[in-house]
Amino acid sequence: MVLQARNKHREAAPKPPQPPRASQSPLRGTPEVGAGEPGPERASPSPGRKGAAGRKGPRAEPAVPPSGVGLGGRLVAGLRGALGLRRAGRGRTWTTLLLAAFAAVLHWSHITHLFENDRHFSHLSTLEREMAFRTEMGLYYSYFKTIVEAPSFLNGVWMIMNDKLTEYPLVINTLKRFNLYPEVILASWYRIYTKIMDMIGIQTKICWTVTRGEGLSPIESCEGLGDPACFYVAVIFILNGLMMALFFIYGTYLSGSRLGGLVTVLCFFFNHGECTRVMWTPPLRESFSYPFLVLQMLLVTHILRATKLYRGSLIALCISNVFFMLPWQFAQFVLLTQIASLFAVYVVGYIDICKLRKIIYIHMISLALCFVLMFGNSMLLTSYYASSLVIIWGMLALKPHFLKINISELSLWVIQGCLWLFGTVILKYLTSRIFGIADDAHIGNLLTSKFFSYKDFDTLLYTCAAEFDFMEKETPLRYTKTLLLPVVLVVFIAIVRKIISDMWSILAKQQTHIRKHQFDHGELVYHALQLLAYTALGILIMRLKLFLTPHMCVMASLICSRQLFGWLFCKVHPGAVVFAVLAAMSIQGSANLQTQWNIVGEFSNLPQEELIEWIKYSTKPDAVFAGAMPTMASVKLSALRPVVNHPHYEDAGLRARTKIVYSMYSRKAAEEVKQELIKLKVNYYILEESWCVRRSKPGCSMPEIWDVEDPANAGKTPLCNLLVKESKPHFTTVFQNSVYKVLEVIKE
């Protein structure tokens, strides 16, 4: 390691006005009430300036009949078939792969550039980098740090499987609870990398002394893959760069033309801020998981299109399922929508029973593998996803009995749909009661609150956060400005026309459900139904745009499909149509990109830095802390102190603990709150006045949320307001700055 002096002053001068941050996509996370601390999400943007992979794309080629080529030993032939290329086009296969690689490099460069511009990450100290990983990001990163700093890799894994710091005084298996396989794998890679580099004498990082100005002390900042935080973020960005290669291949395969891959990639860039937030929040679970969903959906598309299934294709689907589910607790809900869509495709006759049965078996095997790898996490077995798989499997087994019923085709569709829906809900309820699982009960309550006036403490914590509210009205407008929404609507209408035509040919003849004809192009119908499912999710919970927008980009590739628009391409050159659409998209798309590139910031959080430094040097190593969930993640990560609550809100016991901790912001008596904290063995409470007064919308301040939960004390002065003025006699103020006030719990 080389230590050099680099006199880079961090300018404290006023920064140019930042574009408004758009609350963004994916899934679960820590519900935060109101505005809170500055979030990591940004305004939407996307790429046009650098063109995109395959600027010289060939003419759209006629769709090639499905060949049924599998994976494994038929890798080369299968890849060529998956890309929609002719047998004679061996060179075209490599051209397509090169264009996909270019798209990957382009996206990796884009998100790396945005992340560095936003945080000035390369010039931050180790503590500042850790503080930059806010809320649950810091929680996840803390386990990577634990394994990296442990005496050995196995010792580090044992420590996170027997964790005493996260929910003191409980000892929990965080690998089971928090989907930490990405951190385990990355930590092993980091240890191997640094060990090899040390053995051969190659320097892995360079450290600098950075002066911060404004009377602040200089800090040491290290760059290079030898720095744990830099290594961690770099691997995430590489993975999400490779994801863009998959999108190019996906669009190419689905549309039958490399122009389709080009459309998918450019639409993703033009709507980048609506498609992903990896550049602002790298450690979140979707950053590791979502790329494997793209691969999984590509494989499902290949299986639906193939006339013959090979074992290699099914094995690849199983592996991609496991890699998608292991890092992310929300993956099961996404796969539920996929299974529902595939079942609907089967019911109306676009795939045969044998193919669906094999897909269901693969999902069951994947679920079983994840159940084992997650140390018997019962939430997987009691999920709607697992219940749906069992119900569909049972209905497929009973298919001969359905055939004996002399009813119309339409009636049979309705019966099967109702059996699936009610069977899934009832089985989910029964399994949850049998296993005594209530960890995902808040999800049902959250959905109930979307349609009815239901409210409780946990639900309000979610719905008062913008990312868990309904989709904002500006989102469809942003889709329209980049022409993504109009193009997808055209494609969707074309698919619906095909479905109506096919259905009419059956229903108009008044045939019964006993028929031998099998409709073709089931993969198009599946993508249309999956689009509807993602749209419903995105409208109900704004954060779930993560799934909707990228899928819209994939659907847009079908503008190049001769299956849907062959009648148009007979009159107009497909390249002319595609490039005209892309040119119109680029007007707003390039503006979105420029908006992203103009985001220039620098991370700084001096109040929290003072707090962490005080905790590290003024409290005992076994001192127990409680407070707001985002702050507790930082205390655990940087100060290595035990905490009683944290941002991973998916456990019923943790939600009960958090309610006790957050009673500091209720209107209860100080004595009552203190006694509850003593039961949790809390030594210090970190009080934040902003949590007492901030309000994202009417009814969403913490005292107002507590009025719903505790109406008996409504109208009283909130306890936090009283403690801000005077903490005695039940607490003692031991530290205070402009944001934080640390109260020591006085034990009798």
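Buried here means under 20% relative accessible area, exposed means over 50%, and partly exposed lies in between, using a 1.4 Å probe and protein chains only. With that in hand, here are some notes on the structure.

1. Please keep in mind that this is a predicted model, where local features need pLDDT of at least 70, side-chain atom pairs count only at pLDDT 80 or more, and totals for chains, interfaces and linings use all residues. Residues are numbered from 1 along each chain as its sequence is written, and side-chain values use heavy atoms, with hydrogens and water left out.

2. Let us start with glycine 273, which counts as buried because its relative accessibility is 0%. Glycine 273 belongs to helix H10 (residues 272-275); helices (H or I, at least four residues) and strands (E, at least two) are DSSP runs, numbered from the N terminus.

3. Next come the aromatic rings. Rings of Phe, Tyr and Trp (its six-membered ring) pair if their centres lie within 6.5 Å; planes under 30 degrees apart count as stacked, over 60 as edge-to-face and the rest as tilted. This rule gives 32 aromatic pairs. Phenylalanine 115 and phenylalanine 121 make a tilted pair, because their planes stand at 55°, with ring centres 4.9 Å apart. Phenylalanine 115 is buried at a relative accessible area of 3%, and phenylalanine 121 is buried too, at 4%.

4. Two lysines deserve a look. A charge sits over a ring if NZ of Lys or CZ of Arg is within 6 Å of the ring centre and within 35 degrees of the ring normal. The ring of tyrosine 143 has the charged end of lysine 636 over it, 4.5 Å from its centre. For tyrosine 384, the charged end over the ring comes from lysine 428, at 5.3 Å from the centre.

5. Now the backbone. Most residues other than glycine have a negative phi, and most peptide bonds are trans. Tyrosine 168 and proline 169 are joined by a cis peptide bond with omega of about 5°, and proline 169 sits in the loop between helix H5 (153-161) and helix H6 (174-177). Another cis bond links lysine 728 to proline 729, with omega of about 15°.

6. Finally, threonine 135 is not a glycine, yet its phi is positive, about 40°. This residue is in helix H4 (residues 135-149) and is buried, at a relative accessible area of 10%. Leucine 640 also has a positive phi, about 60°, but counts as partly exposed at 44% relative accessibility.
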